[in-house]
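Trainee: Please take me through one part of this protein closely. I would like to look at the inside, and at one packing contact within it.

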Amino acid sequence: MTMTSHETADHGSRTRRWLDRLSHSKRAMWVLFGASFAETLVVPIPIEVILIPFMAANRARLWTIAAVVTLGCLIASVVGYGVGLLVFETLGQQLIDAMGWNEGMDRFRTLFDDYGFWAIVVVGVLPIPFQVALLGAGAASYPMLWFLLAALLARGTRYFGLALLVHLFGERASDLWHRHKLSASLIAGGLALAIFAAVRALG
């Protein structure tokens with residue numbers, strides 16, 4: 001159902017009021033940490049929906065915000081990895097089926113067979129559910145430290161990249177992200193594969 005202009009304006013006003021309350025809350029960083037944790041594991045809504053406006057309203061804390069959501073993502077990544085490592089055939093596969101991630105898992109496995117570490121990085125920046133990388137790496141018993149490094153590289157690039165976008169463009173950052181998020185993801189994924197190819201060639 002399409003919202004009327006009045007409903008859209010009202011929704012935008014409620015969102016701004018919520019963000020304003022969050023900005024003045026002592027629990028703001030915990031809320032963002034929890035949102036990042038939840039999005040990394042199961043929530044299908046991109047955290048950028050609230051993260052970019054919050055960053056724009058709190059530019060003095062940009063890098064702290066990016067660090068907090070990165071940490072939330074990394075801790076959730078460990079949980080997802082553990083599910084893949086310990087109970088992939090039961091809980092892991094049930095989660096994949098319930099969330100419709102089967103196609104994403106197939107893509108990840110293809111990348112993982114060829115690129116290993118860099119497959120995790122690429123999935124972390126491409127529009128493929130990152131959850132498949134957590135579960136797939138755990139199911140393959142991929143070394144935990146390398147997995148965390150790949151997750152940090154992928155998601156740190158994502159969140160600190162958003163902070164840089166807000167630092168440079170302020171409130172325009174949200175519109176820029178909505179218009180160019182797919183092309184930016186493809187460029188970042190291609191860059192990660194190019195770096196992998198260069199490293200392998202030099203090695």
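Mentor: Accessible area here comes from the Shrake-Rupley method with a 1.4 Å probe. By that method, the protein chain of this predicted model exposes about 11,300 Å². Carbon and sulfur atoms supply 65% of that area. Now go inside. Of the 203 residues in the chain, 42% are buried. The chain has nine helices and zero strands, so helices are what we follow, given that a helix is a DSSP run of at least four residues. Among contacts with a separation of 6 or more, 75% join residues 24 or more positions apart.

In soluble globular proteins, nonpolar side chains tend to be buried together. Here the largest nonpolar core holds 54 residues. Leu51, Met55, Phe108, Ile120, Val123, Phe130 and Tyr159 have the most contacts inside that core. Helices H2 through H8 each give two or more residues to the core. H4 (62-99) gives the largest share, 12 residues.

Now zoom in on Met55.

Next, the helix pair. Two packed helices are described by the angle between their axes and the distance between the axes. H3 and H4 pack at about 155°, with axes 9 Å apart. An angle over 145 degrees counts as roughly antiparallel, so H3 and H4 are roughly antiparallel to each other. Their crossing is right-handed. H3 makes the contact with Leu51, Phe54 and Met55. H4 answers with Leu62, Ile65, Ala66 and Val69.

Notes
Residues numbered from 1 in each chain as written. Predicted model: local features only at pLDDT ≥ 70, side-chain atom pairs only at ≥ 80, totals over all residues. Heavy atoms only, no water. Buried < 20%, exposed > 50% of the residue type's maximum accessible area, 1.4 Å probe, protein only. Contact = heavy atoms within 4.5 Å. Core = buried A, V, L, I, M, F, W, Y, C linked by side-chain atoms within 4.5 Å. Axes fitted to C-alpha atoms, helices over the stretch in contact; angles between N-to-C directions. Parallel < 35°, antiparallel > 145°, perpendicular 65-115°, else oblique. Left-handed = near helix turned anticlockwise from the far one by under 90°.
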